[in-house]
Amino acid sequence: MDRRSSVDENRTGHRIVPETIRRSDRLPESRYGNRPTMKDVAARAGVGLKTVSRVVNGEPGVTPETERRVQEAIDALGFRRNDSARVLRKGRTASIGLVLEDLADPFYGPLSRAVEEVARAHGALLINGSSAEDPDREQELALALCARRVDGLVVIPAGDDHRYLEPELKAGVATVFVDRPAGQIDADCVLSDNFGGARDGVAHLIAHGHRRIGFIGDMPRIHTAAERLRGYRAAMEDAGIPVEDAWMSLGVTDPERVRRAAEDMLTGSSPVTAIFTGNNRVTVTVIRVLAAQSRRIALVGFDDIELADLLQPGVTVVAQDAAALGRTAAERLFSQLDGTLVAPERIELPTRLVTRGSGELPPES
């Protein structure tokens, strides 16, 4: 067959287009990446570059008719302002970074949204990512955001050593830690009253007649988990109730681990009559375990959960205000950027006991 024919087929049935045809029928070059410039806008509107610059930056000195022509050219071309030069002039990128623990955790939804709302009010863009509770990943993500010259960072720390951020802090990157404090550096942090909230939740169970109360929490190296365990112990000590080792279980929030811990507490030699759970993920698993029990077990959870009020009984929780945490941290960050803050502070927000029924169940005799 003539190799110059327009189409051939190989043994697989695939069509083969000869190179000569590829060259002659090549499509026009793609304009991907060729963004319209102010020069393009000026040419289309029939004005000078300075006039376009004034319109784009909202500066005075342009007649309404000229501004209309420039704006029509901008809309027609799809022009977007390139802020790179402004960044170089002002030393700001108008962006901040948010390092979360887990984007899938419902607790971080309102926190992230609150940070974003404050950032937007200050004309800044929010860039966020998840550390997946991995200290190395947290460091990698935080430094990657700094390399992209964000003006500031809001960090929910996974690790307990944040000296890697010292060069960034000295370079002027505003930083606020939220939900957990920074490790080995002096920095602003915004926290919930984890100790007081846990103590109040356990004291509530004690007030309803419980003496054998279990605690299931997150990994003990995590600040919030350690503080909530401390609150549990304090409430038991205040009531003069000795705590048995079998009543406490800390570790990963994997459902299988939590399920085993709850079942062990409920079937041991000294079974508990109530459980205090250390976070929302633990609470959800424990609810599933309790649903299979023949006796009614009281439950108070730290962190609210969706549909908690629709269960029977409703789930009593120690609620923290995630949105207030995010908003306070972001406002603190922008105060740093504005130069109105001097020394780092530790801000602690109160929690709230929400009674719905599960924490008010008396122990079965």
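User: Contact means heavy atoms within 4.5 Å. Which residues is isoleucine 216 in contact with, leaving aside its neighbours within four places in sequence?

Analyst: Ser249, Arg257, Val258, Ala261, Ala262, Met265, Ile275, Phe276, Thr277, Gly278, Val282 and Val286. This is a predicted model: local features need pLDDT of at least 70, side-chain atom pairs count only at pLDDT 80 or more, and totals for chains, interfaces and linings use all residues. Residues are numbered from 1 along each chain as its sequence is written, and side-chain values use heavy atoms, with hydrogens and water left out.

User: OK. Which residues touch the most other members of the largest nonpolar core?

Analyst: Ile216, Tyr232, Ile275, Phe276 and Val286, in a core of 40 residues. Such a core is a set of buried Ala, Val, Leu, Ile, Met, Phe, Trp, Tyr and Cys residues joined through side-chain atoms within 4.5 Å. Buried means under 20% relative accessible area, with a 1.4 Å probe and protein chains only.

User: Which element gives the largest share of that core?

Analyst: H11, with five residues. H11 is a helix spanning 255-267. Helices (H or I, at least four residues) and strands (E, at least two) are DSSP runs, numbered from the N terminus. Among the other elements giving two or more residues are H9, E8 and helix H10 (223-238).

User: What about another core?

Analyst: Apart from the largest one lies a core of 26 residues, including Phe107, Ala330, Phe334 and Leu349.

User: Switching to the sheet. What's the strand order?

Analyst: E9-E8-E10-E11-E12-E14, an open sheet with mixed pairing. Two strands pair if DSSP finds at least two bridges between them. E9 (248-250) and E14 (352-354) are the edge strands, each pairing on one side only.

User: Parallel or antiparallel for E10 and E11?

Analyst: Parallel, over four bridges, with E10 at 274-277 and E11 at 298-302. Alanine 274 has alanine 298 of E11 as its bridge partner.

User: Which helix touches E8, E10 and E11?

Analyst: H12 (280-291) packs on the sheet there, at about 160 degrees to the direction of E11. Angles run from 0 to 180 degrees between N-to-C directions, with axes fitted to C-alpha atoms, for helices over the stretch in contact.

User: Last one. At what angle do H2 and H3 pack?

Analyst: About 110 degrees, with axes 9 Å apart. Helices H2 (38-45) and H3 (49-56) are therefore roughly perpendicular, a label for 65 to 115 degrees. H2 brings Met38, Lys39, Val41 and Ala42; H3 brings Leu49, Val52, Ser53 and Val56.

Definitions and conventions: Parallel < 35°, antiparallel > 145°, perpendicular 65-115°, else oblique. Buried < 20%, exposed > 50% of the residue type's maximum accessible area, 1.4 Å probe, protein only.
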